[in-house]
Amino acid sequence: MAHTAKKFEEKGKTWTQFPKQCKSCYLCIATCPQKCLSQDEKVLGYYGQPSVKCDIKNCVQCKKCETICPDLAIRVKD
Ligand code: SF4
Ligand code: SF4
């Protein structure tokens, strides 16, 4: 289960998270210029705290979230 991915897709855009690698630091939420990331109460991360979900329609695939995540829990594809 460690690598189970949570995927959000729309119009060729893809944003994927690996919740079991997410330590719920929320640096990704703070850094997203589009404010399209938020806590996901339904899927818990490594410490049992909310992981992160993506409002894909507002994502511009800039990869700032992927770059800042210390735990490699986000994958962004153009
Ligand atoms: S930066 Fe990474 S570890 Fe931190 S909340 Fe976002 S996905 Fe989880
Ligand atoms: S790729 Fe950019 S716009 Fe999309 S969620 Fe990450 S930081 Fe936000």
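Colleague: How many bridges join β1 to strand β2?
Modeller: This is a predicted model, in which local features need pLDDT of at least 70 and side-chain atom pairs count only at pLDDT 80 or more, while totals for chains, interfaces and linings use all residues. Residues are numbered from 1 along each chain as its sequence is written, and chains are lettered from A and ligands numbered from 1 in the order in which they are written. Strands are DSSP runs of E with at least two residues, helices are runs of H or I with at least four, and both are numbered from the N terminus; two strands pair if DSSP finds at least two bridges between them. β1 and β2 (residues 13-17) run antiparallel, and the number of bridges joining them is five.

Colleague: Is V52 buried or exposed?
Modeller: V52 is found in strand β4 (residues 50-54). A residue is buried if 20 or more other C-beta atoms, placed from the backbone, lie within 10 Å of its own, exposed if 12 or fewer do, and partly exposed in between. V52 has 26 C-beta neighbours inside 10 Å, so V52 counts as buried.

Colleague: Which residues does V52 contact, leaving aside its neighbours within four places in sequence?
Modeller: Contact here is defined by C-beta atoms, placed from the backbone, that lie within 7 Å. On that basis, the contacts of V52 are Q17, C22, C28, I29, L37, Q39 and D40.

Colleague: Which residues are the closest to ligand 1?
Modeller: A residue is near a molecule if its C-beta atom, placed from the backbone, lies within 6 Å of it. Ligand 1 is surrounded by 14 residues. The closest are C22, C25, C28, C69 and A73.

Colleague: And which are the closest to ligand 2?
Modeller: Ligand 2 is surrounded by 14 residues. The closest are C32, C59, C62, K64 and C65.

Colleague: What pattern does the protein chain follow along the sequence?
Modeller: The secondary structure of the protein chain comes to two helices and five strands. Read along the sequence, their pattern is β-β-α-β-β-α-β.

Methods:
Two residues are in contact if their C-beta atoms, placed from the backbone, lie within 7 Å.
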